[in-house]
Amino acid sequence: MTTLAVDARNITHRYSGFTALDNVSLTVPTGAYTVFLGPSGSGKTTLLSVIGGFLVPQSGEVLINGRDMTEVAPAKRPTTTVFQDYALFPHMTIGANVAFGLRMRGVGSAERKNKAKRMLDLVGLGGADGKKPHELSGGQRQRVALARALAVDPSVLLLDEPLGALDLKLRRQMQAELKSIQREVGTSFIHVTHDQEEAMAIGDTIVVMNHGRIEDSGSPERIYLKPATHFAAGFMGQSSFLKGKVRDVSAGSVVLETPCGAFALPSGPAAYKPGEAVVVSVRPEHFVTGEIAGDGMIALGAGRLRTMTFAGTHHLGELDHEACAAFRPVVQLPQSGGPGIGDTVRLWARVEDAVVLKAEG
Amino acid sequence: MRKTWPMVLSILYASAIYCFIFLPVAVLVLFSFQDGRFPIPPLKGLSLRWYEAVWNDSRLVEALVNSVTVAVGSSLVAVLLGFLSAYGLARFALPAKGLQRALLTAPLTVSYLIIGMGLLITFNTLGVPKSLLAAGIGHVVINLPLCFAIIYSQMSDHQANIERAARDLGAAEWQVVTLITAPMLWPALFASFFLSMTFSWDEFIISFLLTRFDVTLPVEIWSLLRSGLNPKTNAVGSVVFAISIVLVFLLELVVLRNRRRS
């Protein structure tokens, strides 16, 4: 049996008039990089606080390395947290900051200093141990916070929107470094973010949250290509949604009735009933344009190209659909030589690329 | 040069204001150097004999030592209590928080005379004799609200997060307070200590009501004044003033340094 770094069971927590966590259960495997992804108010930070011990949930339990930690204080947990505002000790040197946890554990002065040096080397800040936090840049403080949290060898490291305060370029760079540091130390990392690109770039597993519930969890590829819910499809990357109804259900597939006609799609893990409202989710790069009907393709009608956004490697075009005003396909178009604004474009998608999902709200 | 006249008027006005504020002190200091028996014009020459007289007056020197003792002792206690109450109110969920905060700062609005009389009656009832200790307690009463207000205003949510980080790394509550909270608030603690010192140092009415045999310097000066003006009172007044200036200067130094850093 593989060990679980974190096993959260039926966690519910309400603030006055607001449910932050609604019966959430989740497991985090040891030694992996897990990302909690969701919009603000989705409960991802609350869940992190529950795991870190800063919040005792109203119901449910948290097991860390198989032991019940639900009501254990943060100091007594094998977890440490990297705070969004870094929360470095402003009156201490960088070395003393990183060694603080070891000092609290009664580790001798010489040994602490050595360990602090090694940790600073690990995060690429070797030689900075004599400086004070206010002498460092935002990115450097971020690294110090990371070194400080890792210095006590936690079994789970919690990162609360750690890159939120950095500019885009530094963010991308730190993402790569965080991942390589995680590989090097082998500690389980749990990272909270609202940035789906960051989540995809960094996570072994992504947990998509919304309204205090887990919408989907799995590898970035699986969530992107076969999202489990309408919300997950919309939040992880861009997607166009065509509304429809289930007409017929058979083993492994459903026949849908949509404004663009009827077609069959594989049904995935969810079970559908005839008459149920659904959406068909198609990623911009999964639209096939032009007159190329063929096997394994579904016809999605035609639309007039309304706006074009240049994205470097390609254009993104937004279409007004001819048959269904509520369907606003966003389609990836060629970098050059493609259709222009006002042109009518016929749309297709491969059966295996279009995903049928239960409609939401 | 159309703006010359308004400029001249502004300068005159500002000078008049500063004269009004500082002339009494300047006169006091000037005539403490009077080479004669009366601290009134004309100035007969400059001499340090009255400072020597202060130094040789054992009652004055004793009162000065008493004043320093009361100021340092009461300020330390006021800062400690102010810090603890600020920490408690800022970091924990307490019942009737707003009311407790109001009660802690309320003595700021009560006159020293009322506080002194109240303490005098209370100590009489309890059988606590008039003493420097009683006066020191009085100074804690007047300075605690100030220390609380200064320290409380400097406790931010960002610091609460830093304390959380310390707890997360294994610090016990007393370690958080002594290793993280107090050092982070160092400038506020320092500022409230020196402000308390300044107020305690030249406080008269409470000390007058609550001391008897051992008295503080302002009380001793008051009894000197009863036997008439003489340059010695000016000299000791100048000493009091000089020490106040030093305290205010130290305070400014701390506050300014802190501002520049943040």
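**Notebook: chains A and B**

I started with the UniProt record, an unreviewed entry, which lists "domain: ABC transporter" at residues 6–236 of chain A; UniProt positions follow the numbering used here, feature names are shortened, and annotations may be inferred rather than shown by experiment. I noted that this is a predicted model, where local features need pLDDT of at least 70, side-chain atom pairs count only at pLDDT 80 or more, and totals for chains, interfaces and linings use all residues. Residues are numbered from 1 along each chain as its sequence is written, while chains are lettered from A and ligands numbered from 1 in the order in which they are written.

Over residues 6–236 of chain A I get 36% helix and 27% strand, with the end C-alpha atoms 24 Å apart. Helices (H or I, at least four residues) and strands (E, at least two) are DSSP runs, numbered from the N terminus.

Next I checked a sheet in chain A: five strands form an open, antiparallel sheet in the order E13-E12-E11-E14-E20. Strands count as paired if DSSP finds at least two bridges between them. E13 (261–266) and E20 (355–358) of chain A are at the edges with a single partner strand each, so one side of each has no neighbour in the sheet. Inside it, E11 (240–250) and E14 (277–282) of chain A pair antiparallel over six bridges, and A:Leu242 has A:Val280 of E14(A) as its bridge partner.

Last, I looked at B:Gly98, which lies in helix H4 (97–105) of chain B. B:Gly98 is exposed (12 or fewer other C-beta atoms within 10 Å, with C-beta atoms placed from the backbone), because I count 8.

Terms used
A residue is buried if 20 or more other C-beta atoms lie within 10 Å of its own, exposed if 12 or fewer, and partly exposed in between; C-beta atoms are placed from the backbone.
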